[in-house]
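Please look over the structure below.

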Amino acid sequence: MTLPALPDDTFERVLCVVAHPDDVEYGTSAAVAKWIAQGAEVGYLLLTRGEAGMPNPPEETARLRRAEQEAACAAVGVERLTVLDHPDGVLVYNLDLRRDIAREIRQFRPDAVVVGPWDVEFPGLGYNQADHRAAGLAAIDAIRDADKRWVFPEQIDDEGLEKWGTRWILVGAFGPDATHGVDVTGEPLAKGVASLEAHKEYLAAIPGHPAPKDFIPQIAAMSGKAMGVEHAVLFKATDQHAPPSFDDLA
C-alpha cells in the first residue's frame, strides 16, 4: 500500500523538538525545507547544547555546535532556534523538561510538533540513544500539557501565555510504523543534505562517519518507495482533531 502525503500545505507553524544539535538534520530537515517553501514557519527547540558530543571541552563544544546549528538552520530557512541547557548525554525525563517544552509550544503555537521516537530499539538499526528517548517521551507529554489550563499554570498566570492545542503530532518513522510521507524530491532534499553538511566539525569528530551526500539521499530514496516518489521523509502522524477510532480494539 502506498503511503499518503501528509496534508502539510495547511501548516502555518511547525515545531521540531530534539535533544541535540544535528538531530533534525538526519533526514527531517529535508521536510522542513519543503514546509518552509510552502510558506510555513518552522522553529527548532534543542533541549541540550550538545556539549558532550565531542572530545573538546564542553563549553567549547557547545559554542561550536551552536554555530554549526545556526548554519544548518540557514541552509533550510529556519529562523527560530531555541537552545535550552539541559545536560547533554544525561538528559532526564522529568517535569522540568516537560515544562520547558510546553512553554515553547505555548509561545510558538504550532499546528504540528515533530518529535523523535522514544523506542528503546529500532529493528535492524540498534538501540536508541538515551537522550533521544527522554526527549521524545517528554515532548509527547508536553504537547498534552500545553493544552491544559491547570498544568504549569504559572506560564499562564505569571508569564502571560495561553494554553495551546497542537493538531498534528509527527513522529519520525521508518518502515511499517509510518503513516504519511513528505515528498522531498529535488531542492528540499538538496537543502536537507546541506543542513547536515553544516555540522562539519562535529561529523569530522565521529570516526568513519559517511558524507551526508552519500547516505541521506539513500535513506530518502528508500522512504520514497513507500510513497511512490523519488525521495521522501516518513512520519507516524496523528491528527488530534480526528474523531477517535476503535477499529484496532475490535
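Predicted model: local features only at pLDDT ≥ 70, side-chain atom pairs only at ≥ 80, totals over all residues.

Residues are numbered from 1 along each chain as its sequence is written, and side-chain values use heavy atoms, with hydrogens and water left out.

**Helix H3**

- Helices (H or I, at least four residues) and strands (E, at least two) are DSSP runs, numbered from the N terminus.
- Among the buried residues of H3 are Leu97, Ile101 and Phe108 (buried means under 20% relative accessible area, exposed over 50%, partly exposed in between, with a 1.4 Å probe and protein chains only).
- Just after H3, Arg109 has a positive phi of about 55 degrees.

**Salt bridges**

- The count is 16 salt bridges, each a side-chain nitrogen of Lys or Arg within 4 Å of a carboxyl oxygen of Asp or Glu.
- Glu59 pairs with Arg49 in a salt bridge, with the closest N and O atoms 3.0 Å apart.
- Glu59 lies in helix H2 and Arg49 in the loop between S2 and H2, so this pair ties together parts ten residues apart in sequence.
- Glu59 is partly exposed at 43% relative accessible area, and Arg49 is partly exposed at 27%.
- Arg167 and Asp239 form a salt bridge at 2.8 Å, N to O.
- This pair links distant parts of the chain, 72 residues apart.
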